[in-house]
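Dear colleague,

Please find the structure below. I would be grateful if you would read the notes that follow with the model open beside them.

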Amino acid sequence: PAPASFSFKVSWLKQKLAEGSRQPILEFDEQQQYSFDPNQTSFRMVKHSCSYPAPPHKVRMWCSSFGASSDLPLTMELNVFINTFELITEERHTLAMAHLTGGETIAFEMVQGDHVS
């Protein structure tokens, strides 16, 4: 059978403080559509193909969780983000293992300092 290819949104997270609010606002920047075969593509491959020129070890990955809208707003309060996205801890897993079905948003976050996940 031909490899399945699903479309995903990939963006960079930028954090900014909202006026009059203690909650930081997360902005999805440089959002682009990519197509991947979820059975053949690991999160690490997504990171390496989409986060260049950022060094991969300084990039954390988040993915919108099951049931989240495929049409998410371009800005989101931190508490909403935490309820909508999951941190990807197993970058060796394929997108299919994470039950992605297309339309999800994968967000990259630059990690400051020497934190290595």
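The notes below cover the sheet, the helix, some backbone features and a cavity.

This is a predicted model, in which local features need pLDDT of at least 70 and side-chain atom pairs count only at pLDDT 80 or more, while totals for chains, interfaces and linings use all residues. Residues are numbered from 1 along each chain as its sequence is written, and side-chain values use heavy atoms, with hydrogens and water left out.

The sheet

The model contains an open sheet of 6 strands, in the order E4-E2-E1-E6-E3-E5, with mixed pairing. Helices (H or I, at least four residues) and strands (E, at least two) are DSSP runs numbered from the N terminus, and two strands pair if DSSP finds at least two bridges between them. At the edges are strand E4 (75-77) and strand E5 (85-87), each of which pairs on one side only. From one strand to the next, the twist averages 35 degrees; axes are lines fitted to C-alpha atoms, for helices over the stretch in contact, and angles run from 0 to 180 degrees between N-to-C directions.

E1 and E2 run antiparallel and are joined by 11 bridges, with Gln33 in E2 as the bridge partner of Lys9. E2 is also antiparallel to E4, through 3 bridges; there, Glu27 has Thr75 in E4 as its bridge partner. By contrast, strand E1 (residues 6-17) and strand E6 (residues 105-110) pair in the parallel sense over 4 bridges, and Ser11 is partnered by Ala107 in E6.

The helix

Helix H1 (residues 43-50) lies across E1, strand E2 (24-36), strand E3 (59-64) and E6, and runs at about 115 degrees to E3. Contact here means heavy atoms within 4.5 Å.

Backbone features

Most residues other than glycine have a negative phi, and most peptide bonds are trans.

- Tyr52 and Pro53 are joined by a cis peptide bond, with omega about 5 degrees. Pro53 is placed in the loop between H1 and E3.
- Glu30, in strand E2, has a positive phi of about 50 degrees although it is not a glycine. Glu30 counts as partly exposed because its relative accessibility is 48%; buried means under 20% relative accessible area, exposed over 50%, and partly exposed in between (1.4 Å probe, protein chains only).
- His99, in the loop between E5 and E6, is another residue other than glycine with a positive phi, near 65 degrees. His99 has a relative accessible area of 58% and is therefore exposed.
- Gly20 takes a positive phi near 70 degrees in the hairpin of E1 and E2, which has 6 residues between the strands. With 92% relative accessibility, Gly20 counts as exposed. Gly20 and Lys9 are 11 residues apart in sequence and 30 Å apart in space, C-alpha to C-alpha.

The cavity

How many cavities of 30 Å³ or more are there? The count comes to 1. On a 1 Å grid over the protein atoms alone, a cavity is a set of points where a 1.4 Å probe fits but cannot get out, and lining residues have an atom within 4 Å of a point. Grid points are joined across faces, edges and corners, and a volume is the space filled by probe spheres set on the points.

The largest cavity holds about 30 Å³ of space. Its lining consists of Lys9, Phe28, Gln31, Leu72, Pro73, Leu74 and Thr105. By class, these are 4 nonpolar, 2 polar and 1 charged residues, where Ala, Val, Leu, Ile, Met, Phe, Trp, Tyr, Cys and Pro count as nonpolar, Asp, Glu, Lys and Arg as charged, and the others, Gly among them, as polar.

With kind regards

Note on methods. On a 1 Å grid over the protein atoms alone, a cavity is a set of points where a 1.4 Å probe fits but cannot get out, and a pocket is an open set with protein on both sides within 12 Å along at least five of seven lines; lining residues have an atom within 4 Å of a point.
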